[in-house]
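Let's take a walk through a protein together. Keep the picture turning on your screen as you read.

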Amino acid sequence: MYVKPRDLVEQPAPVPPLRVSLVWTFGAMALQKGTLKLVALVVVLCLIVLGFIIGGIIIGLSTGYRYPELEVWPRSEEYNYEQPLIQFRASDPGSWHPWFKRINDFLLAYETTVPEDPPRAPCSVRRHDQRVVAAACERVLGMWAPCNADNFYGYAVGKPCVFLRLNNLHYWVPEPYNISKPMSIPQEMPNNIKQAMRQRPANHFGDYIWVSCNGEFSSDEENIGPIQYIPGNLPPGFPTKRLQTADRIPRIAQDRPDQSPGPLVAVFFENPRRGVIINVECRIWTRDIIYDRSSRYGRVRFELQVD
């Protein structure tokens, strides 16, 4: 049997050992470098996303509510949102005078002798015999009657006034209800608000954040009696042109508390039933805030007892 000599057997072309080593080395380095770039990119993106999340949490914690809060004044020293009770005896000045003082203290931030138009609040927290009379201010005080100091805000006769104010406006851009807009008006909206929208169209008088109050439960509706919104010659609500909302202030100020107190609406209880606790709920009406009795956004509740 013929055997081919070893030196004649076909062998693969030899590759210089150095070239093979370099090819493998540079290939591994390129692959490793690309993987590292991809990993680095993913890490950077994750850090950016995490930064946005943490920043949002920090901003949220520092700025508080994301929607406006409807406040009620006066408040007791031990104010509790769930059970804010206003209780007094009309025949006992010592019983209602603390409430009168709390309202005066609250209104001090609005004290002025140059009334605004429309007026944000009563001109003065002093009674007629204690203040310097200014004609323009007297006119405004007349607009706020009986919810002014001259009438002890109604507490002396058992017909109290409470004041409503919107707070936390600096990051809110409201979407007010307006008959001229295509979105339908809620059927449950009170008729006096619908009438005000027809009588004061927004294209002439500006938009309003409407407000309404009623008994929280059916028994409260029977006991609450008639109420008025003061000033009586203005719609029941807050004019948007007087609110320092996010679309009306510099961006840098949107993470700061409200810089000036907003306008007020007074609710005058003409004849509440005596000797019973009346649960009262007030709310605002805007397109962007969905009414929810379990939420604090855009609503406030309090208890009233006149003995």
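Predicted model: local features only at pLDDT ≥ 70, side-chain atom pairs only at ≥ 80, totals over all residues.

The chain has 6 helices and 9 strands, and buried residues account for 40% of its 307 residues. Take the contacts between residues at least 6 apart in sequence: 74% of them join residues at least 24 apart.

Now find helix α4, residues 191-199. Its buried residues are I193, K194, A196 and M197. They sit on the same side of α4, because they cover an arc of only 160° around the axis. An α-helix has 3.6 residues a turn, so residues three or four places apart point the same way. What do the buried residues of α4 pack against? Their partners are β4 (208-215) and β8 (278-285). The face turned away from the buried side carries the exposed residues N191, R198 and Q199.

Next, look for charges. Side chains of opposite charge can pair when their charged atoms come close. The structure holds 14 salt bridges. One of them joins K101 and D105, at 3.0 Å from N to O. These two residues are 4 apart in helix α2 (residues 93-107), so about one helical turn separates them.

Another salt bridge links R131 to D150, with the closest N and O atoms 2.9 Å apart. R131 is in the loop between α2 and α3 and D150 in the loop between α3 and β3 (161-167), so this pair ties together parts 19 residues apart in sequence. R131 counts as buried at 10% relative accessibility, while D150 is partly exposed at 30%. Finally, salt bridges that share partners join E216, E281, R293, R299, R301 and E303 into one network.

Technical notes:
Residues numbered from 1 in each chain as written. Heavy atoms only, no water. Buried < 20%, exposed > 50% of the residue type's maximum accessible area, 1.4 Å probe, protein only. Arc of directions from axis to C-beta. Contact = heavy atoms within 4.5 Å. Salt bridge = Lys/Arg side-chain N within 4 Å of Asp/Glu carboxyl O.
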